[in-house]
Amino acid sequence: ATLLGASPGASTSVDIMLHVIEKCFPHYIKDPKKIQELIPSYGKKMNDDIQLITETRRRTHEVL
């Protein structure tokens with residue numbers, strides 16, 4: 001599967017692709033460590049975790 005995102009699609013393209021992988025290729029998700037190397041917040045709830053939000057924003061700013 002391929003999904004290209006440009007504004008405004010870029011903000012949702014990663015989430016959509018992760019859902020595709022979870023549904024179509026569940027064997028890749030059995031050990032989420034690989035995905036968490038790329039997306040450290042994968043599988044975590046960010047709503048109430050200010051430290052995770054701050055770290056994610058810092059890392060995103062650094063990478064971009």
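In the predicted model, Ser-41 counts as buried, with a relative accessibility of 15%, because the limit for burial is a value under 20%. Ser-41 is found in the loop that runs between α2 (33-38) and α3. When its neighbours within four places in sequence are left aside, Ser-41 is in contact with Met-46, Leu-52 and Thr-56.

The chain as a whole has three helices and zero strands. Along the sequence, the order of these elements is α-α-α. Of the 64 residues of the chain, 12% are classed as buried. Contacts between residues at least 6 apart in sequence were also examined; of these, 6% join residues at least 24 apart.

The largest pocket has a volume of about 640 Å³. The greatest contribution is that of α1, which gives seven residues. Sorted by class, the lining of the largest pocket comprises 11 nonpolar residues, seven polar residues and five charged residues.

Two salt bridges are present in the structure. In one of them, the side chains of Glu-55 and Arg-58 meet at 2.4 Å, taken from N to O. Both residues lie in helix α3, where Glu-55 and Arg-58 are three residues apart, or about one turn of the helix. Glu-55 has a relative accessible area of 39% and is therefore partly exposed, the class between the 20% limit for buried residues and the 50% limit for exposed ones. Arg-58, at 40% relative accessibility, likewise counts as partly exposed.

A salt bridge is also formed between Glu-62 and Arg-58, with the closest N and O atoms 2.7 Å apart. These two residues are again in helix α3; because Glu-62 and Arg-58 are four residues apart there, about one helical turn separates them. With a relative accessibility of 60%, Glu-62 counts as exposed. Through salt bridges that share partners, Glu-55, Arg-58 and Glu-62 are joined into one network.

Methods. Residues are numbered from 1 along each chain as its sequence is written. This is a predicted model: local features need pLDDT of at least 70, side-chain atom pairs count only at pLDDT 80 or more; totals for chains, interfaces and linings use all residues. Side-chain values use heavy atoms; hydrogens and water are left out. Buried means under 20% relative accessible area, exposed over 50%, partly exposed in between (1.4 Å probe, protein chains only). Contact means heavy atoms within 4.5 Å. On a 1 Å grid over the protein atoms alone, a cavity is a set of points where a 1.4 Å probe fits but cannot get out, and a pocket is an open set with protein on both sides within 12 Å along at least five of seven lines; lining residues have an atom within 4 Å of a point. Grid points are joined across faces, edges and corners, and a volume is the space filled by probe spheres set on the points. Ala, Val, Leu, Ile, Met, Phe, Trp, Tyr, Cys and Pro count as nonpolar, Asp, Glu, Lys and Arg as charged, and the others, Gly among them, as polar. A salt bridge is a side-chain nitrogen of Lys or Arg within 4 Å of a carboxyl oxygen of Asp or Glu.
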